[in-house]
Amino acid sequence: MSGTGSADERRVGSLRELSPAVEPPRDLWPQIEARINAERRSAPAAQPRPARARPLPPRWLAAAAVVASVAVGVWIGRSLLPAARPGVQSPISAARATLAGAPTALDVAYVSDRRYQRDRAALMKSLQARLAALPQPARAKVMASLAAMQRAKQDLESALGKDPGNALLQELLVNTYQDEMRVLTDVQASDAGRGI
Amino acid sequence: MGFSRLAAAMTALFASAAACASGDRTFERQVPAQAHGVVDISNVSGKVVVSGSDRPEVSVRAELGEGVERVDVSTDHGRTTIKVVLPHSGHGGDADLHVKIPKDSELTVSAVSADVTTAGVTGVQRLNTVSGDIAAELGGSDLELKSVSGNVKLKGHGQPARLHVSTVSGDVHLEHGAGDLEAGTVSGTLVLSLDSARSVRARSTSGDVHFEGKLARGADFDATSVSGELNVRASAEAGYAYEVSTFSGDISNCFNATPGEHGHMPGHTLQGTRGDGAGHMHLKTMSGDVQLCDRK
């Protein structure tokens, strides 16, 4: 009970608590009907009603969304992610280049958040230095894990290309993006003097 | 007999000489500590062995390899800090730390390639390594553990606690855990055994997940993997409702339930209830196979 209510007032928790005998104070429908009819009369009667546009089939909509997303994805890939240097690459920069490969449609849906974009770009920028600072066996394992995540993302995106509305795949892809950020953050924190 | 004594003395002398020649030094120090204080330990390379004791002190014994500058031990307002200091320039060496702490201390260990071992610590443990392996005894308090490529071995005694374990490529083996578990890995294998679980969340990208244990009444179990296998053998006090989904993996079970199709979409599902259905189990993969059994 609120502090301003009288003692007789009580809250209604369900429609069932309302009495069915209560009638509305007046029937509003005749007035509404009259207004609709008046508007119909004032509208130009001669104009033929335009043919109703046929809705696009869902597969065309999906295809258009994928094309648009890929375009934005390529733009993000080129403008945000570090490009691989031409020429001979070290294993680290090769792995980095693989990670920075052109994202596909679902990348874009996930990376539309600005903070995510900014944080990921910063982590990718320092990844090479962090990997180089790791002990050799650890570096190899981490690079293999990053490659596994990249493969997982590609597999999920490929499967989603065939079944764009699949909630299971979407959930797993989002999980993989989150895991990638966790790994990048952990590697970033693996300062030689501090651990993680 | 005389010859034996001479041989033993020669051996000890030889070992001491070898240690001196290799540049190894030892360090020992004890400082008073509170029973429920905080102990922070950091070491880059070598090992860290921590054991809980009933004595109200922190005792440090270390063997310092060449390239290790010193060990700093400080205490302030109930917090004891032990830090292996390396020279600013050049590569550091190994330091083997053996630390005894009051058993109810809150323990934090940060290491890079050093292996970490804990035993007999009943307070909260936070253990972090980059490539070092971790072996920890669970003492009934919460555990937060992170490793990049180190392997993890955890041994509990069935006392409920909140356990949070994550690795990138390291394998995780947990025995006799209990309570709430959150475990994640990218490519490592999770082998999890819980005596009594209230909630379990296990996640992997390509690593396999094996679970064996008993779920408490109303427990939640959630495991996902992209391409890793999920192998779950979980009994429950009051049963559970299960839902298994996979896009292209196979589903099998030990209670003869038949997986269904996702309608016109690819993928398989398996849904149903075991026992009273008080708990909830969700298992999801993209291409990994799933095996579910309601018996340990």
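Two strands are taken as paired where DSSP finds at least two bridges between them. The legends below describe close-up views of a predicted model.

**View 1. Overall make-up of chain B.** The secondary structure of chain B amounts to 24 strands and 1 helix. Of the 296 residues in chain B, 46% are buried. Where contacts in chain B link residues at least 6 apart in sequence, 44% of them join residues at least 24 apart.

**View 2. Strand E17 of chain B and its pairing with strand E16.** E17(B) covers residues 209–225, and strand E16 of chain B covers residues 190–204. These two strands run in the parallel sense and are joined over 12 bridges. One residue pair can be picked out here: B:Val191 has B:His210 of E17(B) as its bridge partner.

**View 3. Pairing of strand E17 of chain B with strands E18 and E23.** Strand E18 of chain B, residues 230–236, pairs with E17(B) in the parallel sense over 7 bridges. Within E18(B), B:Ala236 is the bridge partner of B:Leu215. Strand E23 of chain B, residues 279–285, also pairs with E17(B) in the parallel sense, over 6 bridges. In E23(B), B:Leu283 stands opposite B:Ala223.

View 4. B:His280 belongs to strand E23 of chain B. This residue counts as partly exposed because it has 16 C-beta neighbours inside 10 Å, whereas 20 or more would be needed for a buried residue. Leaving aside residues up to four places away in sequence, B:His280 touches B:Asp220, B:Phe221, B:Tyr240 and B:Ala241. B:Val49 lies 231 residues from B:His280 in sequence, and their C-alpha atoms are 39 Å apart in space.

**View 5. The side of chain B that touches chain A.** Here 32 residues of chain B are in contact with 32 residues of chain A. Strands E8 (106–111), E10 (125–129) and E22 (265–274) of chain B are the elements that each give two or more residues to this side. E22(B) provides the largest share, 3 residues. By class, the side of chain B that touches chain A consists of 17 polar, 12 nonpolar and 3 charged residues.

View 6. A:Asn175 is found in helix H7 of chain A, which spans residues 167–189. With 20 C-beta neighbours inside 10 Å, A:Asn175 counts as buried, because the cut-off for a buried residue is 20 or more. Not counting residues up to four places away in sequence, A:Asn175 touches B:Arg203 and B:Thr224. A:Leu156 is 19 residues from A:Asn175 along the chain, and a distance of 11 Å separates their C-alpha atoms.

**View 7. The bend in helix H5 of chain A.** H5(A) comprises 20 residues, numbered 114–133. From its first C-alpha to its last, H5(A) reaches 29 Å, close to the 28 Å expected at 1.5 Å a residue. At A:Leu127, H5(A) bends by about 45°. A:Leu127 is buried, as are A:Arg130 and A:Leu131 in this helix.

Note on methods
Residues are numbered from 1 along each chain as its sequence is written. Chains are lettered from A and ligands numbered from 1 in the order in which they are written. This is a predicted model: local features need pLDDT of at least 70, side-chain atom pairs count only at pLDDT 80 or more; totals for chains, interfaces and linings use all residues. Helices (H or I, at least four residues) and strands (E, at least two) are DSSP runs, numbered from the N terminus. Two residues are in contact if their C-beta atoms, placed from the backbone, lie within 7 Å. Ala, Val, Leu, Ile, Met, Phe, Trp, Tyr, Cys and Pro count as nonpolar, Asp, Glu, Lys and Arg as charged, and the others, Gly among them, as polar. A residue is buried if 20 or more other C-beta atoms lie within 10 Å of its own, exposed if 12 or fewer, and partly exposed in between; C-beta atoms are placed from the backbone. The expected span of a helix is 1.5 Å times one less than its number of residues. The bend at a residue is the angle between axes fitted to the seven residues ending there and the seven starting there.
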